[in-house]
Amino acid sequence: GGSDVSALARFTIVVVQVNHAPKYELAPMDGPIWEDAPLIVQDGFAMNITRGTDQEDVLGLQHLTFVLTLTKSSPLDVGLALFGGVLPVVHPNGTLSFAPEQFLFGNATFEMVLQDDGGTERGGSSVSDAQMVIIEILPVNHEPKFKLVAVAGPIWEDSVAFMQHGFAANITRGTDQEDALMEQQLTFVLTLIESSPVDVGL
């Protein structure tokens, strides 16, 4: 009638979660992207997105956010003006979107991380390693412009060489950026279309 087994006892083992840093990979940027382009949308720019572990992905409790920080830009440190003052967005599904500002070109370099809201308790990590993103918008030449003022006169037969300063005014290479860079050389071209009397010409 003896017994060699004790009464049943129960206990619970709790393994407390430690957050793991999210991860992702970057696809090449679609291109080329030209100045004055419409809204740019690239699906799958960030891919193989994970919250950190298979379990964290299956539970789906953590919300993911891509964070971009501008680190440098050129030419003339154009900055976020290249995008109308608004940061490009990488959505949680990895889609990149931005709207190039009209009449601007250049390149902008960003540092990008993926962040979750799982916290950093017990030595956890909520931020991925940083990756570099470079967005380049290529130049499209814009036609130069000018305005003419009236010819100062009268000009008399047998007069000396004529010169009028400011005859062509408000001269621009086409855009404010093209003017600021001063890389384009401007040339006025005159073509005779009619003359009188008796078609005196040149």
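Buried means under 20% relative accessible area, exposed over 50%, and partly exposed in between, with a 1.4 Å probe and protein chains only. The model is predicted: local features need pLDDT of at least 70, side-chain atom pairs count only at pLDDT 80 or more, and totals for chains, interfaces and linings use all residues. Residues are numbered from 1 along each chain as its sequence is written, and side-chain values use heavy atoms, with hydrogens and water left out.

**Exercise 1.** Classify V149 as buried, partly exposed or exposed, and locate it in the chain.

*Solution.* Step 1: the relative accessibility of V149 is 38%, so V149 counts as partly exposed. Step 2: V149 lies in the loop between β9 (145–148) and β10 (168–172); strands are DSSP runs (E, at least two residues), numbered from the N terminus. Step 3: V149 is one of the residues that make a nonpolar surface patch of about 1100 Å². Such patches consist of residues with over 30% relative accessible area and no salt bridge, nonpolar side chains (Val, Leu, Ile, Met, Phe, Trp, Tyr) being joined within 5 Å. A salt bridge is a side-chain nitrogen of Lys or Arg within 4 Å of a carboxyl oxygen of Asp or Glu. Other members of the patch include F146, L148 and V151.

**Exercise 2.** Describe the surroundings of V78.

*Solution.* Step 1: V78 is placed in the loop between β4 (64–74) and β5 (89–90). Step 2: its relative accessible area is 13%, so V78 is buried. Step 3: leaving aside residues up to four places away in sequence, V78 touches S73, L104 and Q177, where contact means heavy atoms within 4.5 Å. Step 4: V78 and Q177 are 99 residues apart along the chain, with 9.3 Å between their C-alpha atoms.

**Exercise 3.** Determine the geometry of the aromatic pairs Y24–F66 and F83–F98.

*Solution.* Step 1: rings of Phe, Tyr and Trp (its six-membered ring) pair if their centres lie within 6.5 Å; planes under 30 degrees apart count as stacked, over 60 as edge-to-face and the rest as tilted. Step 2: the whole structure holds 4 aromatic pairs. Step 3: the ring centres of Y24 and F66 are 5.2 Å apart and the planes stand at 85 degrees, so this pair is edge-to-face. The pair links strand β1 (residues 23–26), which holds Y24, to strand β4, which holds F66, 42 residues apart. Both Y24 and F66 are buried. Step 4: for F83 and F98, the centres are 5.5 Å apart and the planes at 85 degrees, so the pair is edge-to-face. F83 lies in the loop between β4 and β5 and F98 in strand β6 (residues 96–98), so the pair ties together parts 15 residues apart in sequence. Step 5: F83, F98 and F110 form one aromatic cluster.

Key
Helix = DSSP H or I, 4+ residues; strand = E, 2+ residues; numbered from the N terminus. Patch = residues over 30% accessible without salt bridge, like charges linked within 9 Å, V, L, I, M, F, W, Y side chains within 5 Å. Areas by Shrake-Rupley, 256 points an atom, 1.4 Å probe, with all protein chains shown as cover.
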